[in-house]
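Please consult the sequence and the structure shown below while reading.

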Amino acid sequence: MKYIYILLLTTALAVACNDNQPTAEDGSADNLPADSATFRVAVMPTLDCLPLYVADERGLFEQQGVDVRLVPFMAQMDCDTAFARGRVEAMATDLVRAERLRQKGIKVSYATATDLYWQLLTAKHARIRQLNQLDDKMIAMTRFSATAMLADQLVDSAKLTTERVFRIQVNNVLTRLNMMENGIMDAMLLPEPQATAARLLDSRELYDSRRDSLLMGVLAVREEMLSDTIRKQQLEALLKAYDLACDSLNERGLSAYKDIVVERCKVKAQVADSLPQDLTFRHSAAPRQKDIDKAKAWLKRN
């Protein structure tokens, strides 16, 4: 099977028990109250969401006159669930997952591209130094996501037999990192800051999606909002606050927002201190058509 679903037992159970469970602050996506005065955004503990976190912490949403509630999740599939059920107005996701929702009949629009990228990290115990050594190894990723697309791309580039590289579905990004720390997985695709946390565990980086100029991260919104005057105004105000947060991050650097990274991304201070300092955050702009087409093409084959 191309994708393998695993039940982690004994020592692995501690890190995997929450992997497929909704992980919003209140415990369930279904418990989020409907409130037209509040613009709710499903977010992940990743750096692509940092402009949203900065805008929230520094009161930039309020300055723009919009009440934004950031609803944190640890797995993209839980963001999808909240979005599909109308419990949030927007979500941070990738183009593969968003286009799959479109395939399922959910009307999705894109408010902006985001600075989401992934790196393939290999565990120290696996002793993998190049892509062709992934034969008969396990890669942790999320099914029907950009990580699944990238895993396929890497297997193809290394000319490996697809059935010989085992894609293991691990939805919770923090569980994925814990599996690296506990020597359970051979390799995995991680965003920042989890990729930096893995490098601090002596993991080896074999690939960075930025090398292929892929821009697959997006802030997706429910399409019907764009015909609602109030919701459209809220979104416009949110994006203004987002751009202001990007400006502040680019001017002051990540170190100025270390406390937010530690708290919102659930990482240690050492990880925040070790993040690349040359990262830039782009103003809101529509995703590129070629990235959307790439997501669609991969989904068509799968």
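Helices (H or I, at least four residues) and strands (E, at least two) are DSSP runs, numbered from the N terminus. In those terms, β4 (90–94) and α7 (173–181) each contribute at least two residues to the lining of the largest cavity. The model is predicted, and its chain has an average pLDDT of 90.

- Rolling a probe the size of a water molecule over the atoms shows where empty space is left.
- The volume of the largest cavity is about 160 Å³.
- Its lining comprises 15 residues, and those nearest the centre of the cavity are Met44, Thr46, Gln76, Trp118 and Pro191.
- Sorted by class, the lining of the largest cavity holds 7 nonpolar, 6 polar and 2 charged residues.

**Nonpolar core**

- The largest nonpolar core has 104 residues, and the members touching the most others are Val41, Leu50, Leu52, Leu120, Met216 and Leu238.
- Helix α9 (residues 229–252) gives the most to this core, supplying 9 residues.
- Leu120 has contacts beyond four places in sequence that include Leu131, Leu134, Ile139 and Leu154.
- Further along the chain, Leu120 also touches Ala187, Met188 and Leu189, as well as Arg204, Glu205, Leu206 and Tyr207.

**Confidence**

- A pLDDT of at least 70 is reached by 88% of the residues.
- Over residues 5–29, pLDDT stays under 50, and the model has 45 contacts beyond four places in sequence for this segment.

Methods:
Residues are numbered from 1 along each chain as its sequence is written. This is a predicted model: local features need pLDDT of at least 70, side-chain atom pairs count only at pLDDT 80 or more; totals for chains, interfaces and linings use all residues. Side-chain values use heavy atoms; hydrogens and water are left out. On a 1 Å grid over the protein atoms alone, a cavity is a set of points where a 1.4 Å probe fits but cannot get out, and a pocket is an open set with protein on both sides within 12 Å along at least five of seven lines; lining residues have an atom within 4 Å of a point. Grid points are joined across faces, edges and corners, and a volume is the space filled by probe spheres set on the points. Ala, Val, Leu, Ile, Met, Phe, Trp, Tyr, Cys and Pro count as nonpolar, Asp, Glu, Lys and Arg as charged, and the others, Gly among them, as polar. pLDDT is the predictor's confidence in each residue, from 0 to 100. Contact means heavy atoms within 4.5 Å. A nonpolar core is a set of buried Ala, Val, Leu, Ile, Met, Phe, Trp, Tyr and Cys residues joined through side-chain atoms within 4.5 Å. Buried means under 20% relative accessible area, exposed over 50%, partly exposed in between (1.4 Å probe, protein chains only).
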